[in-house]
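Good morning, colleagues, and thank you for coming.

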Amino acid sequence: MSTDALHIVCPHCHTTNRVAPADLGKAPDCGKCHRALLDGHPVELDESSFDRHIGRSHLPVLVDFWAPWCGPCRMMAPQFEAAARQLEPQVRLAKLNTEEAQQLAARHQIRSIPTMALFVGGREVARQAGAMGAADIVRWVRSQLG
């Protein structure tokens with residue numbers, strides 16, 4: 001990782017942007033689409049955007065693997081949203097619908113949902129299955145990142 005700039009992938013147009021670490025808390029916007037890079041909401045990922053966000057982002061990325069038919073997933077959704085407001089700009093939160101991205105879910109060996117996986121530097125470093133509240137999500141992520 002560069003000491004002078006972080007790579008942050010835009011949640012809207014998926015362009016990789018360079019942002020100075022000191023500017024993370026200053027609501028940086030995308031150089032291409034001019035929308036907020038960090039807006040306190042989870043990014044909706046799909047097959048085409050997943051690898052870009054996981055592989056190019058210098059921020060840790062917490063992915064919620066979920067499905068629309070899953071009751072615990074629906075119950076956890078507002079908690080995951082609340083956790084995003086607390087963890088950004090240090091961590092990017094993202095959601096991946098396993099019904100729409102079945103090959104990706106299989107590639108990551110998602111066996112139950114909801115499952116959260118934490119990626120750092122493009123690699124999975126931790127995984128947690130089951131619905132959690134916002135405070136527990138935040139505490140778990142922070143404990144994994146040290």
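The count of salt bridges in this structure comes to six. Please keep in mind throughout that the model is a predicted one. As background, side chains of opposite charge can pair when their charged atoms come close.

Arg107 is joined by a salt bridge to Asp51, and the closest N and O atoms of the pair are 2.6 Å apart. This pair links distant parts of the chain, for Arg107 belongs to helix H3 and Asp51 to helix H1, 56 residues apart. Arg107 counts as partly exposed, at 47% relative accessibility, and Asp51 is also partly exposed, with a relative accessible area of 40%.

Another salt bridge brings together the side chains of Glu88 and Arg92, at 3.4 Å from N to O. Are these two residues buried or exposed? Both Glu88 and Arg92 are buried.

A further salt bridge is formed by Arg127 with Glu124, where the closest N and O atoms lie 2.8 Å apart. Arg127 is partly exposed, its relative accessible area being 34%. Glu124 is partly exposed as well, with a value of 33%.

Let me turn to the cysteines. How many disulfides does a search of the whole structure find? The search finds one. Its partners are Cys70 and Cys73, with their sulfur atoms 2.5 Å apart. The torsion about the S-S bond of Cys70 and Cys73 is about 80°, so this disulfide is right-handed. Both Cys70 and Cys73 are buried.

Cys13, by contrast, is in no disulfide; the nearest cysteine sulfur belongs to Cys30 and is 3.6 Å away. Cys13 counts as partly exposed, at 25% relative accessibility. Cys30 is likewise in no disulfide, its nearest cysteine sulfur being that of Cys13. Cys30 counts as buried, at 0% relative accessibility.

I return for a moment to Cys70. This residue lies in the loop between strand E4 and helix H2, which spans residues 71-87. Cys70 has a relative accessibility of 3% and therefore counts as buried. Leaving aside neighbours within four places in sequence, Cys70 is in contact with Ile113 and Pro114. The C-alpha atoms of Cys70 and Asp4 are separated by 42 Å, and these two residues are 66 residues apart along the chain.

In general, an α-helix has 3.6 residues a turn, so residues three or four places apart point the same way.

Is Lys95 buried or exposed? Lys95 is buried, with a relative accessible area of 8%. Not counting residues up to four places away in sequence, Lys95 touches Pro42, Val43, Glu44, Leu45, Asp64, Trp66, Ala77 and Phe80.

I close with the surface. Arg111 is placed in the loop between H3 and E6, and Arg111 is exposed, with a relative accessible area of 71%. Arg111 and Ala129 are 18 residues apart in sequence, and their C-alpha atoms are 9.1 Å apart in space.

Finally, Val120, Val125 and Leu145 make a nonpolar surface patch of about 220 Å². Of these residues, Val120 is placed in strand E6, which runs over residues 115-120. Val120 is partly exposed, with a relative accessible area of 35%.

Terms used. Residues are numbered from 1 along each chain as its sequence is written. This is a predicted model: local features need pLDDT of at least 70, side-chain atom pairs count only at pLDDT 80 or more; totals for chains, interfaces and linings use all residues. Side-chain values use heavy atoms; hydrogens and water are left out. Patches are made of residues with over 30% relative accessible area and no salt bridge: like charges are joined within 9 Å, nonpolar side chains (Val, Leu, Ile, Met, Phe, Trp, Tyr) within 5 Å. Accessible areas come from the Shrake-Rupley method with a 1.4 Å probe; for residues, only the protein chains shown count as cover. A salt bridge is a side-chain nitrogen of Lys or Arg within 4 Å of a carboxyl oxygen of Asp or Glu. Helices (H or I, at least four residues) and strands (E, at least two) are DSSP runs, numbered from the N terminus. Buried means under 20% relative accessible area, exposed over 50%, partly exposed in between (1.4 Å probe, protein chains only). A disulfide is a pair of cysteine sulfur atoms within 2.5 Å. Contact means heavy atoms within 4.5 Å.
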